[in-house]
Amino acid sequence: MSPTIRNIRTLRTLARQFTALAATALLSLAAHAQSVEGEVRRIDAEAGKVTLKHGEIKNLDMPAMQMSFRVADPAWLKTLQVGDKVRFDAAKVNGQFTITAITVSK
Ligand SMILES: [Cu+2]
């Protein structure tokens, strides 16, 4: 076997291993549940904000309360309805409390 063919085989093996790793990483991302429980109280599409009654937000050192959040993607607001139970992640982005991920609980 020529060195070139051996190199190509090694590259193919590496590519397969990389693809398998990437798939595993994606799966673990998909399995990651948003960390905070909440309930939608008000939606302000124009302002790109949603008011949630939420549980403790550990990464923001915030107790349970009701408050309004900016959403990272305003299109998410169209998927929400007042009364929906949600799980979400929040962070402080440019000084504003911002929802970085949100899913409606089934
Ligand atoms: Cu709060």
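User: Which residue in strand 5 does Val71 stand opposite?

Analyst: Val71 stands opposite Ile99 in strand 5. Please keep in mind that this is a predicted model.

User: What makes strand 3 and strand 5 a pair?

Analyst: Two strands pair if DSSP finds at least two bridges between them. Strand 3 (residues 65-71) and strand 5 (residues 96-104) are joined by 2 bridges, so they meet that cut-off. These two strands run parallel.

User: What about strand 4 and its partners: how many bridges join strand 4 to strand 5?

Analyst: There are 8 bridges between strand 4 and strand 5, and the two run antiparallel. In their hairpin, 2 residues lie between the strands, and Asn94 takes a positive phi near 50°. Strand 4 also pairs with strand 1 (residues 36-44), in the antiparallel sense, over 4 bridges.

User: How is strand 2 joined to strand 3?

Analyst: Strand 2 and strand 3 run antiparallel and are joined by 6 bridges. Here Lys53 stands opposite Gln66 in strand 3.

User: In what order do the strands close into a barrel?

Analyst: The 5 strands close in the order 1-2-3-5-4, with mixed pairing. From one strand to the next, the twist averages 55°. Along the sequence, the chain reads α-β-β-β-β-β, with 1 helix and 5 strands.

User: Which residues form the largest nonpolar core?

Analyst: This core has 12 residues, including Val36, Leu52, Phe69, Val71, Phe88 and Ile99. Strand 2 (49-54), strand 3, strand 4 (85-93) and strand 5 each give two or more residues to this core. The largest share, 3 residues, comes from strand 4.

User: Which residues is Val36 in contact with, leaving aside neighbours within four places in sequence?

Analyst: Val36 is in contact with His54, Gly55, Ile57, Arg87, Phe88, Asp89 and Ala90.

User: How far apart are Ala33 and Thr103 in sequence and in space?

Analyst: Ala33 and Thr103 are 70 residues apart in sequence and 8.8 Å apart in space, C-alpha to C-alpha.

User: And what share of the protein chain is buried?

Analyst: Buried residues make up 14% of the 106 residues. As for contacts between residues at least 6 apart in sequence, 45% join residues at least 24 apart.

Technical notes: Residues are numbered from 1 along each chain as its sequence is written. This is a predicted model: local features need pLDDT of at least 70, side-chain atom pairs count only at pLDDT 80 or more; totals for chains, interfaces and linings use all residues. Axes are lines fitted to C-alpha atoms, for helices over the stretch in contact, and angles run from 0 to 180 degrees between N-to-C directions. A nonpolar core is a set of buried Ala, Val, Leu, Ile, Met, Phe, Trp, Tyr and Cys residues joined through C-beta atoms within 7 Å. A residue is buried if 20 or more other C-beta atoms lie within 10 Å of its own, exposed if 12 or fewer, and partly exposed in between; C-beta atoms are placed from the backbone. Two residues are in contact if their C-beta atoms, placed from the backbone, lie within 7 Å.
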